[in-house]
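Reader: I have a model open on my screen and would like to learn how to read it. Could you take me through it, feature by feature?

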Amino acid sequence: MKTLYLMRHGETLFNVQHKIQGWCDSPLTEKGIKQAQKARDYFSKKGITFDHAYCSTSERCSDTLELIVDMPYTRLKGLKENFYGELEGESERLNKHLSPKDCETFYIQFGGESSNTTRDRMMKTLTEIMDKENHENVLVVSHSGACFNFLRAIQDPTEELNKGFGNCCIFVYQYDQHQFSLKEVIRQEEQ
């Protein structure tokens, strides 16, 4: 059975400023750097090593990944965050009261994409990754919305959403017979 460690990037400047951050990017904060280092220490303490590593094309993801592992990795557009169109870089107050159901179509009016598009893109990309030979223990660094929408494709995400998807949160999935199943979610306070 294969294992996928799907992780959200460390805290960024836009996270602190409460700005909508999809395809636009901002740098990791000092706290974000420390979160990534804490995740690295968690993996090391647990004796978890990876045979392959991937991340979104966003620098916040590659910067996080580089703080965790010292190995070659691949950046993939399929692991990007939801695209929020004209709301990219704007205040989170513009989308603060949206439910996951609202997000399925809300951003389309602003030239963004449906959360269903993100869900399908993540499922396709992660399935392709895990179907590769010699991909037994894989680390992938992506984004909160992308991780949520991937989980939504597999199971009801409500319980995990209510617990929060903080920065450097790690979703541990088992992959067997072309099926993902969530094994556990490791949050920063548990690392």
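Predicted model: local features only at pLDDT ≥ 70, side-chain atom pairs only at ≥ 80, totals over all residues.

Reader: In what order do the strands of the open sheet lie?

Author: Strands of a sheet pair through backbone hydrogen bonds, either parallel or antiparallel. Helices (H or I, at least four residues) and strands (E, at least two) are DSSP runs, numbered from the N terminus, and two strands pair if DSSP finds at least two bridges between them. Here six strands form an open sheet with mixed pairing, in the order β3-β2-β4-β1-β5-β6. β3 (74-76) and β6 (179-186) are at the edges with a single partner strand each, so one side of each has no neighbour in the sheet. From one strand to the next, the twist averages 25°.

Reader: Which way does β5 run against β6, and how many bridges join them?

Author: β5 (residues 170-176) and β6 are antiparallel, joined by seven bridges. To follow the pairing on screen, go from I170 to its bridge partner I186 in β6, then from Q174 to S181. Two residues lie between the strands of this hairpin, where Q177 takes a positive phi near 55°. β5 also pairs with β1 in the antiparallel sense, over six bridges; there, Y5 has V172 as its bridge partner.

Reader: How many residues of β5 are buried?

Author: Buried means under 20% relative accessible area, exposed over 50%, and partly exposed in between (1.4 Å probe, protein chains only). Six of the seven residues of β5 are buried, so this strand is largely enclosed by the rest of the structure.

Reader: Which strands does α6 touch where it packs on the sheet?

Author: Contact means heavy atoms within 4.5 Å. α6 touches β1 (2-8), β4 (137-142), β5 and β6. The direction of α6 makes about 140° with that of β1; axes are lines fitted to C-alpha atoms, for helices over the stretch in contact, and angles run from 0 to 180 degrees between N-to-C directions.

Reader: And what covers the buried residues of α3?

Author: The buried residues of α3 (residues 59-68) are R60, C61, S62, T64, L65 and I68. Their cover includes β1, α2 (30-45), β2 (52-56), β3 and β4.

Reader: Where does G89 lie?

Author: G89 is in the loop between β3 and α4 and is partly exposed, at 21% relative accessible area. Leaving aside neighbours within four places in sequence, G89 is in contact with F14, K19, I20 and C24.

Reader: Last, which residues lie nearest the centre of the largest pocket?

Author: Rolling a probe the size of a water molecule over the atoms shows where empty space is left. A pocket is an open set of points on a 1 Å grid over the protein atoms alone, where a 1.4 Å probe fits, with protein on both sides within 12 Å along at least five of seven lines; lining residues have an atom within 4 Å of a point. The largest pocket is lined by 28 residues, and Y84, N95, Y107, S144 and G145 lie nearest its centre. The largest share of this lining, five residues, comes from α6.

Notes:
Residues numbered from 1 in each chain as written. Heavy atoms only, no water.
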